[in-house]
Amino acid sequence: MSTGTRGTGTTYREAMREALREALRSDERVFLMGEDVGRYGGCFGVSLGLLEEFGPDRVRDTPLSESAFVGAGIGAALAGMRPVVEIMTVNFSLLALDQILNNAATLLHMSGGQLPVPLVIRMTTGAGRQLAAQHSHSLESFYAHIPGIRVLAPATLEDARHVLAPALADPDPVVIFEHGSLYNSAGELGPAAGPVGLDRAAIRRPGTDVSLITYGGSLPKALAAADELAADGIDAEVVDLRTLRPLDGTTLAVSVGRTHRAVVVDEAWRTGSIAAEVSARIAEESFYELDAPVERVCSAEVPIPYARQLEEAALPQTADIVAAAHRAVD
């Protein structure tokens with residue numbers, strides 16, 4: 001409920017749904033398709049009610065074949081439509097990796113600029129919900145490795161609500177990673193919130209002593225760590241990458257230049273991760289600004305366990321971020 005200049009209470013899930021609703025209303029070329037997005041309302045409830053509002057031509061349930069419906073989305077984009085393809089969870093996207101890597105990402109280049117693919121692919125990512133090894137992946141780095149696509153990881157209500165419109169306007173394919181732990185997060189959506197830029201990281205909390213650099217589902221943990229560090233007299237800056245490809249190196253350099261220390265938090269495995277790329281960028285571009293080695297806080301290099309205690313032990317936690325920041329500062 002909105003009152004005066006206050007924001008509107010909502011959840012991450014509802015913000016994503018309203019973004020889809022706005023896109024479907026404003027452009028008849030936009031349609032949503034994927035497994036269970038229609039009658040069931042989406043595996044995570046994001047598209048609940050959209051079938052009844054827009055009908056089966058605009059909200060399309062698909063067979064259980066990621067390669068087929070991602071390929072259909074590429075074809076529709078080539079034909080002038082603006083498809084939004086939902087893949088249930090990131091692990092299932094591997095079944096469509098050939099379509100994404102060898103077609104969506106390359107057609108504009110291989111056609112000499114004649115065949116843009118304005119396709120948006122949404123998928124749920126991340127662990128922390130006891131879905132065991134096959135459904136707890138954080139594979140954002142797989143896609144951030146690929147030239148020709150843009151990779152987004154909205155972590156706030158504002159980004160969840162307003163990232164879809166510029167993604168649909170992008171002539172290149174855009175992959176949006178929605179961390180499963182964020183869907184129930186609630187808060188107020190500011191009345192001044194509007195379309196967000198797709199090229200810039202965001203400083204979610206300014207600070208002077210250490211930069212906590214993260215994205216997606218790890219942002220709430222980094223903010224909680226910053227609160228704990230403040231109680232210890234450490235002023236932590238929290239940087240939300242938001243866009244994983246292309247990375248915003250300028251914001252990283254400015255932040256590290258201000259704090260002279262960096263902790264990179266990434267729920268993915270340490271080897272070959274976004275954290276590895278960010279650490280390399282800092283070493284290449286801000287080495288002489290550093291007063292301590294870059295710290296990385298990542299998941300244990302094991303398949304994510306099902307048992308809650310083991311899963312929590314395998315994932316980066318607030319206490320791990322606080323400890324890493326102390327190592328950098330002390």
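Reader: What makes Tyr12, Phe44 and Tyr183 one aromatic cluster?

Author: Rings of Phe, Tyr and Trp pair if their centres lie within 6.5 Å. In this predicted model, Tyr12, Phe44 and Tyr183 form one such cluster. The structure holds 4 aromatic pairs. One of them joins tyrosine 12 and tyrosine 183, at 5.8 Å centre to centre.

Reader: Why is the pair of tyrosine 12 and tyrosine 183 called edge-to-face?

Author: Planes over 60 degrees apart count as edge-to-face. The planes of tyrosine 12 and tyrosine 183 are 75° apart, so the pair is edge-to-face.

Reader: Where do tyrosine 12 and tyrosine 183 sit in the chain?

Author: Tyrosine 12 is in helix α1 (residues 12-26). Tyrosine 183 is in the loop between β7 (174-179) and β8 (186-189). They are 171 residues apart, and the pair links distant parts of the chain.

Reader: Are tyrosine 12 and tyrosine 183 buried or exposed?

Author: Both tyrosine 12 and tyrosine 183 are buried.

Reader: What makes phenylalanine 287 and tyrosine 288 an aromatic pair?

Author: Their ring centres are 5.2 Å apart. The cut-off is 6.5 Å, so they pair. With 85° between the planes, this pair is edge-to-face too.

Reader: Why is phenylalanine 287 called partly exposed, and why is tyrosine 288 called exposed?

Author: Exposed means over 50% relative accessible area, buried means under 20%, and partly exposed is in between. Phenylalanine 287 has 49%, so it counts as partly exposed. Tyrosine 288 has 79%, so it is exposed.

Reader: How do you know that serine 286 is buried?

Author: Its relative accessible area is 5%. That is under 20%, so serine 286 is buried. Serine 286 is found in helix α12 (residues 274-286). Not counting residues up to four places away in sequence, serine 286 touches Ala253, Val256 and Arg281.

Reader: Why are α3 and α5 called roughly parallel?

Author: Two packed helices are described by the angle between their axes and the distance between the axes. Helix α3 (residues 66-78) and helix α5 (residues 97-104) pack at an angle of about 25°, with axes 8 Å apart. Angles under 35 degrees count as roughly parallel, so α3 and α5 are roughly parallel to each other.

Reader: Which residues make that contact between α3 and α5?

Author: Helix α3 brings Ser67, Val70, Gly71 and Ile74. Helix α5 brings Gln99, Ile100, Asn103 and Ala104. By class, this contact has 4 nonpolar, 4 polar and no charged residues.

Reader: Which residues touch the most other members of the largest nonpolar core?

Author: They are Val70, Ile121, Leu241 and Val278, in a core of 45 residues. Helix α3 gives the most to this core, with 5 residues. Leaving aside neighbours within four places in sequence, isoleucine 121 is in contact with residues including Val70, Val85, Ile87 and Ile100. A second, separate core has 32 residues, among them Met16, Val37, Val120 and Leu152.

Reader: What makes the phi of aspartate 36 worth a remark?

Author: Most residues other than glycine have a negative phi, and most peptide bonds are trans. Phi of aspartate 36 is near 65°, a positive value in a residue other than glycine. Aspartate 36 lies in the loop between β2 (30-34) and α2 (50-54). Its relative accessible area is 36%, between the two cut-offs, so aspartate 36 is partly exposed. Glutamine 130 also has a positive phi, of about 55°.

Key:
Residues are numbered from 1 along each chain as its sequence is written. This is a predicted model: local features need pLDDT of at least 70, side-chain atom pairs count only at pLDDT 80 or more; totals for chains, interfaces and linings use all residues. Side-chain values use heavy atoms; hydrogens and water are left out. Axes are lines fitted to C-alpha atoms, for helices over the stretch in contact, and angles run from 0 to 180 degrees between N-to-C directions. Helices (H or I, at least four residues) and strands (E, at least two) are DSSP runs, numbered from the N terminus. Angles under 35 degrees count as roughly parallel, over 145 as roughly antiparallel, 65 to 115 as roughly perpendicular and the rest as oblique. Contact means heavy atoms within 4.5 Å. Ala, Val, Leu, Ile, Met, Phe, Trp, Tyr, Cys and Pro count as nonpolar, Asp, Glu, Lys and Arg as charged, and the others, Gly among them, as polar. Rings of Phe, Tyr and Trp (its six-membered ring) pair if their centres lie within 6.5 Å; planes under 30 degrees apart count as stacked, over 60 as edge-to-face and the rest as tilted. Buried means under 20% relative accessible area, exposed over 50%, partly exposed in between (1.4 Å probe, protein chains only). A nonpolar core is a set of buried Ala, Val, Leu, Ile, Met, Phe, Trp, Tyr and Cys residues joined through side-chain atoms within 4.5 Å.
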